[in-house]
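Welcome! Take a look at the sequence and structure below, and then let us walk through them together.

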Amino acid sequence: MSHGTRSAGPLTDGPVPAGRHAVVVGGGLAGVTAALALADAGVGVTLLEGRPRLGGLAFSFRRGDLTVDNGQHVYLRCCTAYRWFLDRIDGAALAPLQDRLDVPVLDVARPEGRRLGRLRRDALPVPLHLGRSLATYPHLSLADRARAVRAALALKGLDLTDPALDTQDFGSWLTAHGQSARAVEALWDLIGVATLNAVAGDTSLSLAAMVFRTGLLSDPSAADIGWARVPLGELHDRLARKALDSAGVRTEVRTRATSVCVNGNGGWSVRVPGETIHADTVVLAVPQREAYDLLPAGALDAPERLLAIGTAPILNVHVVYDRKVLARPFLAALGTPVQWVFDRTEASGLKRGQYLALSQSVAQDDIDEPVAALRERYLPELERLLPRTRDARVEDFFVTRERTATFAPAPGVGRLRPGARTKAPGLYLAGAWTATGWPATMESAVRSGVGAADAALSALGRPRPRRLFALEEAAHSAFPGGTSQASGHHPEETGVALRGGPGEG
């Protein structure tokens, strides 16, 4: 248990009322963000996390001499909230961005020597920044490339404030706009599966349209990719905890809230084993099912909607070879069950050989398979994809699983996602599953934490911290009810979230 020391003064622009206290339940990115924002405004904060570490579903663990991320996470330059978070915890230098978007795409169905294509941008305005890349992309026919351009322009023309978009599926829209099965596989799902954790036919058109518009059609540099060059635990646990301590937050890990209720004084009581914590405001920054269990009666009009938000799994396959087999930091793959491959050698601390992590979204078919079956399935596929693996020895093979890695971005999910405000004064919701307008990503989590903190500070009469990320009202993606009911702001975000879970070998 870590008890922070309050900093010299709040980082606000106005006078600060005295003596307010908040409890934030959940130590993932949403909860850490909310706690930092509240503490920076001069509110006393207790952060409760049931696990022994912070970071939620973006964490690290030890396996022998390796430090392993539970799953590969990347973010994009347009992930402005997550970039703010990295700055706030002094971690930006440890998760740098590409100078320019460049994604190698290997198709194993093509002859060796002709397998490589690239999705990359030029220093030209939208949409010309992708023109040369798409014109020379070898994994689509000339006709498919031309139709993809027309579909992208049609996507750019959609009215994201139209609630009907959330009732439609992206796959049907692509078919109606002339996209072949090959185009969906080699372009739309290549990107969409990684960002949305669903194939186009199972994805809300509203969610898909915002991801593609924000990432590829908003600014030339929007889709430049960043990822941690250190273990995620270094960022989301160690540096986050250091920032929380410096802000004066009392951080309690291995401490799970068992109940949240209004007390006789009009404030809140949060029960944990052996203690009741009293607060003026509470932020529930936990998964939707846990939030449902903790919500007091009447806090939401239809709390059962939280249970109707589906979940989707992500599997990560980890392979350590005795030699270097991949010369690139990452690649995407076609014609194989393998989706994305990342080199995690340096970040893991491996001194000899190479450590690859395969990030497998939409993993319903594999998520419960035994490790031996997954080894038999994926090692031959890596040999097809990376010829150097054929002569290499496998030093270690293990998997990490997150069975509920993300919420399922199915058509209609927008009406199920609540905003930050509840009907109970002083009680707020945060988490990537809330109404940020985006899929379950690190960016969505941070934005939800900002929205919940904004709402709480407004109710407490606290000035907003100067350093807090400003949610852009103009950039709302509109789900029905998708505004942040907390603050009147309209959050948007993007962030590729490629996740896994504790390792098995």
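Leaving out neighbours within four places in sequence, Leu38 is in contact (heavy atoms within 4.5 Å) with Ala22, Val24, Val43, Val45, Val283, Ala453, Ala456 and Leu457. Keep in mind that this is a predicted model, where local features need pLDDT of at least 70, side-chain atom pairs count only at pLDDT 80 or more, and totals for chains, interfaces and linings use all residues. Residues are numbered from 1 along each chain as its sequence is written, and side-chain values use heavy atoms, with hydrogens and water left out.

Leu38 also belongs to the largest nonpolar core, which has 134 residues; Val25, Leu38, Tyr82, Phe170 and Val282 touch the most other members. Such a core is a set of buried Ala, Val, Leu, Ile, Met, Phe, Trp, Tyr and Cys residues joined through side-chain atoms within 4.5 Å, and buried means under 20% relative accessible area with a 1.4 Å probe, protein chains only. Helix 13 (residues 442–460) contributes the most to this core, giving 10 residues; helices here are DSSP runs of H or I with at least four residues, strands are runs of E with at least two, and both are numbered from the N terminus.

Now turn to strand 15 (residues 311–321), where 10 of the 11 residues are buried. Strand 15 pairs with strand 19 (residues 394–407) in the antiparallel sense over 10 bridges, pairing requiring at least two DSSP bridges between two strands. Here Thr311 stands opposite Phe407. Strand 15 also pairs with strand 18 (residues 354–360), again antiparallel, over 7 bridges, and Val317 faces Leu358 there.

Conventions. Buried < 20%, exposed > 50% of the residue type's maximum accessible area, 1.4 Å probe, protein only.
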